[in-house]
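This briefing looks at a few local features of one protein structure, arranged by topic. Please keep the sequence and the 3D view open while reading.

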Amino acid sequence: MELPVVEKRNEQQFLLASMSQLSHSPSVSTSSPVLARFRIGCGVAELVLSGESEPNKAVAVFDLRSSKLFKLSPVQSLCISQTSESNTEQTCSRGITIQYKTEEESRAFHSAFEEWKTPLALQGTDLPNGTVSTPKSKFEEKVEASSAKMYFDYYGQLLHQQNMMQDFVRTGTYYAAVIENRNDFHGRVVVDVGAGSGILSLFAAQAGAKHVYAVEASEMAEYARKLVAGNPLLAERITVIKGKVEDVELPEKADILISEPMGTLLVNERMLESYVIARDRFLVPGGKMFPTEGRIHMAPFSDEYLYLEMANKAVFWQQENYFGVNLSPLQGSAYVGYFAQPVVDAFDPRLLVAPAISHSIDFASIKEEELYEIDIPLRFISSVSTRIHGLACWFDVLFNGSTVPRWLTTAPGAPTTHWYQLRCVLAQPLYVMPGQEITGRIHLVAHEAQSYTIYLTLSAVVGEMLHTSFGKLDLKSPYYRMSQSQAYPVTQDQQPDQPLQTQDT
């Protein structure tokens, strides 16, 4: 219950059911009622915790400028802060779990916490695991609000989580990578970045993780808590924290990060940046990342049927008498618009006209800013005489475990995943002969809708003239072409978890 407010809001008191320290260091905990007092001490807003029987003996003091409160359940919260214990000068980043008697008490305490913290929210302070977020977080600065809302609403729905979990290539590879490398997880602290349903956190706990912090910003965090609670043998070693990795604070550093940050063309949705931020904020030096590395593979392709399908979409706008209206002034714009859509489908690898090249991204060393623009030079040697209709792309990621390194690939010809492959179709095809050199560049520029603008250039010499074709595509708005065949047999010398042979750029 909330006790009477005293001294004109200079102090506000709550009587809580219990509290316990979350970290594995020597802890302060009590199962008896705890007196929580919000007050101003030396001009600073504080949360002071003490036993009900000894209200003047502080058990822990939280500086609200460096504190955050997260709801773990309707009647349980996690408070993380840079704190000082009574009678010591030691300062550390720590977490306290708070148990309430009722949901109403929980809501009142959270409301009071924000009310006392708000006047000081602009000050910020450094913590061992990062910096307290300002009113507008780093994520919000680079992502438009409407895109973020749509993104978190999408991943907050169980049907979309099911779609990913039922991708058995994806889920099975993650499970194998974790269980086959249980030595990397056993007795270690794990952070699951963008935990979703919490399935990867449960895998890590199965592998013997000491503790797993499952960080999820969408409403899926509530479902993750239910799923974790439904697996009691693992639940005591998993804490679900609702929030963005750019903002949350954890009571300890992680020995290993696990995440599924890959989007279409590896980089779509820009979650790789959050993965890198989590690395910089939470991972101990020399800690492991699952996945460890990603590669984007590219090759020119020839697909006359796809090209005609794209071009014919704009035929509708050629009509000059559509219910008495001339639509033809928009035909050119429609044509450009259709070719601005990358095509997502599964295609036959025999459509490729040259060996693929690859561009590697080392998640353990890349800087976040290096993901804002990705520039890849292209050079291929055509193996056939044909018309090139664009550039085909796919990716793979490496789980570089200590025992069994394992690849997850989305290559054409390999078992199909929910990522499929991606093709950038050019409005102007190029003619090539066997042995002819094809050059160009693909330039990816991040934008605020959590995706990239793709600038593609391909060139080939025809006779004595250099022919060049350009394309500008929006990775955010692809054409999902799912009516095509989606599975092709793997050759006997090509293992499902091995990528196609490629040359590095």
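Predicted model: local features only at pLDDT ≥ 70, side-chain atom pairs only at ≥ 80, totals over all residues.

- Ser302 sits in the loop that runs between strand E16 (293-301) and helix H11 (304-312), and its relative accessible area of 15% falls under the 20% limit, so Ser302 counts as buried.
- The side chain of Ser302 makes a polar contact, at 2.9 Å, with the side chain of Thr386.
- When neighbours within four places in sequence are set aside, the residues in contact with Ser302 are Leu351, Val353, Thr386, Arg387 and His389.

**Arg65 in strand E6**
- Arg65 belongs to strand E6, which covers residues 58-73, and with a relative accessible area of 29% Arg65 is partly exposed.
- The side chain of Arg65 makes a polar contact with the side chain of Asp63, at 2.8 Å.
- Although Arg65 and Val44 are 21 residues apart in sequence, the C-alpha to C-alpha separation of Arg65 and Val44 is 8.0 Å.

**The two sides of helix H8**
- In helix H8 (residues 220-229), the buried residues are Met220, Ala221, Ala224, Arg225 and Val228.
- Viewed down the axis of H8, these buried residues lie within an arc of 150 degrees, and they therefore line one face of the helix.

Key. Residues numbered from 1 in each chain as written. Heavy atoms only, no water. Helix = DSSP H or I, 4+ residues; strand = E, 2+ residues; numbered from the N terminus. Buried < 20%, exposed > 50% of the residue type's maximum accessible area, 1.4 Å probe, protein only. Polar contact = N/O pair within 3.5 Å; in protein donor to acceptor, adjacent residues only side chain to side chain. Contact = heavy atoms within 4.5 Å. Arc of directions from axis to C-beta.
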